[in-house]
Amino acid sequence: MPITNQQVTGYAFLRELYADGYFPDHVVDKGRAILLRLCERIEAERPKDLAALYALTDPATEEFNLLEAEFEAAGSEIETVAREAIGEDFWFIATSYGFAAADPERLIANRDW
């Protein structure tokens, strides 16, 4: 399903990670794909409230938890810069879909990174 939200389609997800050679692009690409799938799910399921939104962000966060091993295998890790970039992109997604009241920490509450 193609993403229709114009804010999202014009947004450069994880740009800070792509700009930093410490983070391998092939792994960052997988993180970007997680975020785009989250957007697709939001558009398909149209969560009605924050609880429904968090029910979508939790599995996406779990996917990032699993991606940590791939960062480590490539000589990198989800550290401060990556944590902030990922968290900011989750927040961007929430606000782009009308959830300005979302708690940025709750969006990624089940993170291991």
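Q: What makes a crossing left-handed or right-handed?
A: A crossing is right-handed if the near helix is turned clockwise from the far one by less than a right angle, and left-handed if anticlockwise. In this predicted model, α3 passes α5 in a right-handed crossing.

Q: Why are α3 and α5 called roughly parallel?
A: Their packing angle is about 20 degrees, and their axes lie 11 Å apart. Angles under 35 degrees count as roughly parallel. That makes α3 roughly parallel to α5.

Q: Which residues of α3 and α5 meet?
A: From α3 come Leu 35, Leu 38, Cys 39 and Ile 42. They meet Asp 89, Phe 90 and Ile 93 of α5. Contact here means heavy atoms within 4.5 Å.

Q: What makes α3 and α4 roughly antiparallel?
A: Helix α3 spans residues 25–45 and helix α4 residues 50–73. Their axes come within 10 Å and cross at roughly 170 degrees. The cut-off for roughly antiparallel is over 145. Therefore α3 and α4 are roughly antiparallel to each other. The crossing of α3 and α4 is right-handed.

Q: Which residues make the contact of α3 and α4?
A: On α3, Val 27, Val 28, Lys 30, Gly 31, Ile 34, Leu 35, Arg 37, Leu 38, Arg 41, Ile 42 and Glu 45 take part. On α4, the residues are Leu 53, Leu 56, Thr 57, Pro 59, Ala 60, Glu 63, Phe 64, Leu 67, Glu 70 and Phe 71. The contact of α3 with α4 divides into 13 nonpolar, two polar and six charged residues. Gly counts as polar under this scheme.

Q: Why is α4 called roughly antiparallel to α5?
A: α4 and α5 pack at about 155 degrees, with axes 12 Å apart. Roughly antiparallel requires an angle over 145. That makes α4 roughly antiparallel to α5. α4 passes α5 in a right-handed crossing.

Q: Which residues of α4 and α5 meet?
A: Leu 53, Thr 57, Ala 60, Thr 61 and Phe 64 of α4 meet Ile 86, Phe 90 and Ala 94 of α5. The contact of α4 with α5 divides into six nonpolar, two polar and no charged residues.

Q: What makes Arg 37 and Glu 63 a salt bridge?
A: Their side chains meet at 2.3 Å, N to O. The rule asks for a side-chain nitrogen of Lys or Arg within 4 Å of a carboxyl oxygen of Asp or Glu. Arg 37 lies in helix α3 and Glu 63 in helix α4, so the pair ties together parts 26 residues apart in sequence. By this rule the count comes to five salt bridges.

Q: How do you know whether Arg 37 and Glu 63 are buried, partly exposed or exposed?
A: Buried means under 20% and exposed over 50%, with partly exposed in between. Arg 37 has 37% relative accessibility, so Arg 37 counts as partly exposed. Glu 63, at 30%, counts as partly exposed.

Q: Why does the salt bridge of Arg 106 and Asp 58 tie together separate parts?
A: The two side chains meet at 2.8 Å, N to O. Arg 106 lies in helix α6 (residues 104–107) and Asp 58 in helix α4, so the pair links parts 48 residues apart in sequence. Arg 106 has 28% relative accessibility and counts as partly exposed.

Q: What makes Glu 105 and Arg 111 a salt bridge?
A: The distance is 3.2 Å, N to O. The limit is within 4 Å. Glu 105, at 49% relative accessibility, counts as partly exposed. The cut-off for exposed is over 50%. Arg 111 is partly exposed at 28%.

Q: Why is Leu 14 called buried?
A: Its relative accessibility is 1%. Buried means under 20%, so Leu 14 counts as buried. Leu 14 sits in the loop between α1 (6–9) and α2 (15–19). Leu 14 has a positive phi of about 55 degrees although it is not a glycine.

Q: Why is Arg 46 called exposed?
A: Arg 46 has 59% relative accessibility. Exposed means over 50%. Arg 46 lies in the loop between α3 and α4. Phi of Arg 46 is positive, near 45 degrees, in a residue other than glycine.

Note on methods. Residues numbered from 1 in each chain as written. Predicted model: local features only at pLDDT ≥ 70, side-chain atom pairs only at ≥ 80, totals over all residues. Heavy atoms only, no water. Axes fitted to C-alpha atoms, helices over the stretch in contact; angles between N-to-C directions. Helix = DSSP H or I, 4+ residues; strand = E, 2+ residues; numbered from the N terminus. Parallel < 35°, antiparallel > 145°, perpendicular 65-115°, else oblique. Buried < 20%, exposed > 50% of the residue type's maximum accessible area, 1.4 Å probe, protein only.
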